[in-house]
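Visitor: I am new to this structure and would like to be walked through it. Could we begin with how the helices pack?

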Amino acid sequence: MIAEHLEPSAIPGAVASDGLALEVPVGYDAVRQALHDWRRWIESMNASSDLVSRAEIVLAEVLNNITEHGYAGQDGAAVPVALRCRISAQGLHVSVVDQGRPAPADLGRKACLPPASPAANGIDSLPEGGFGWFLIRELTCNLHLESDEDGNRLCFVVPAS
Amino acid sequence: MRLTSQEQANWCVVTVEERRIDAAGAIAFKEAMRKLTEGLSGPVILDLGQVDFIDSSGLGAVVAAMKTLGGERRLHLAALTPNVDRVFSLTRMDLVFPIHVSVAAALFSDDR
């Protein structure tokens, strides 16, 4: 984890008085470590445990998606993902910038729950994936995605309640 | 991924001794589930009482584990913590799995 503007703080990446900036290397283990560091920060901000729980699900899905799709096949050229968070009365404001492949323009808007009707179709028809963007949509508001040749910037708010 | 198993009253009880089932551990979870359940018989209770976080990859791994057991052998879930319960509810996977408040409640369930 590379912190920007390192403050004399025990929390990696903590900046200024209330914001967090983390450089997250690409990879599932790195995502797990980043969430651990993020959790230490947000718990120090006295966020409600409910907000922390919802936000951790969203951040895990966003960062894992980038690992899985954005950087697929780009081993060795991976630029860390820039994660920035701040808290307001509205909730947790997040921006995530990655340099991976441009995200499809309709990503997120398309997200819907995979069909799950076990009784009708048998267990083999149950989905094992596709839940990620659905969870992100369910748990955020003001979701906004910009993609250009410089990468992808995803912004959203996890509401306070 | 630490999982343990034991037979109890003709059930196969698998306990996840981890705090997370996430993308970094999903493949290891599926593999550990397969190894532990193939040596035992009976419906399976997955004790998630120690798990406080699951992501969509972890959820997919639990669904995959159920498929591996086959249609004749059900996978029950027990002792979901609040955040794990939230992920199952939001994705409506709580309608797919029999869910029990505790392993003890599952053991005494008629629904096998």
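Predicted model: local features only at pLDDT ≥ 70, side-chain atom pairs only at ≥ 80, totals over all residues.

Visitor: What is the handedness of the crossing where α1(A) passes α2(A)?

Guide: The crossing is right-handed.

Visitor: Which residues meet there, in α1(A) and α2(A)?

Guide: From α1(A), the residues are Y28(A), V31(A), A34(A), L35(A), W38(A), R39(A), I42(A) and E43(A). They meet V52(A), A55(A), E56(A), L59(A), A60(A), L63(A), N64(A) and T67(A) of α2(A). By class, the residues of this contact divide into 11 nonpolar, two polar and three charged.

Visitor: And what lies in the loop between α1 and α2 of chain A?

Guide: N46(A) is found in that loop. Its phi is positive, about 60°, although N46(A) is not a glycine. Most residues other than glycine have a negative phi.

Visitor: Is N46(A) buried or exposed?

Guide: N46(A) has 7 other C-beta atoms within 10 Å, so it is exposed, the cut-off being 12 or fewer.

Visitor: Let us turn to chain B. At what angle do the axes of α1(B) and α2(B) cross?

Guide: The axes of helix α1 (residues 26-38) of chain B and α2(B) cross at roughly 25° and come within 9 Å. Since angles under 35 degrees count as roughly parallel, α1(B) is roughly parallel to α2(B). Their crossing is right-handed.

Visitor: Which residues make that contact between α1(B) and α2(B)?

Guide: On the α1(B) side they are A26(B), F29(B), K30(B), M33(B), R34(B) and T37(B). On the α2(B) side they are S57(B), G58(B), G60(B), A61(B), A64(B), A65(B), T68(B) and L69(B). The contact of α1(B) with α2(B) has seven nonpolar, five polar and two charged residues.

Visitor: How many residues of each chain are in contact with the other?

Guide: There are 23 residues of chain B in contact with 24 residues of chain A. On the chain B side, the elements that give two or more residues are α2 (56-69) and α3 (82-90). The largest share, eight residues, comes from α2(B). This side of chain B has 12 nonpolar, six polar and five charged residues.

Visitor: Which residues of α4(A) are buried?

Guide: In helix α4 (residues 132-139) of chain A, the buried residues are G132(A), W133(A), L135(A) and I136(A). Seen down the axis of α4(A), they fall within an arc of 160°, so they line one face of the helix. These buried residues pack against α2 of chain A together with α2 and α3 of chain B.

Visitor: How is chain A built up along the sequence?

Guide: Chain A has four helices and seven strands, and its pattern along the sequence is β-β-β-α-α-β-β-α-α-β-β. Buried residues make up 31% of its 161 residues. Among contacts in chain A with a separation of 6 or more, residues 24 or more positions apart account for 61%.

Visitor: One last point: where is N10(B) found?

Guide: N10(B) is found in the loop between β1 (3-8) and β2 (11-16) of chain B. Its phi is near 65°, a positive value in a residue other than glycine. N10(B) counts as exposed, with 10 C-beta neighbours inside 10 Å.

Notes: Residues numbered from 1 in each chain as written. Chains lettered and ligands numbered in written order. Left-handed = near helix turned anticlockwise from the far one by under 90°. Contact = placed C-beta atoms within 7 Å. Nonpolar A, V, L, I, M, F, W, Y, C, P; charged D, E, K, R; others polar. Buried ≥ 20, exposed ≤ 12 C-beta atoms within 10 Å, placed from the backbone. Arc of directions from axis to C-beta. Axes fitted to C-alpha atoms, helices over the stretch in contact; angles between N-to-C directions. Parallel < 35°, antiparallel > 145°, perpendicular 65-115°, else oblique.
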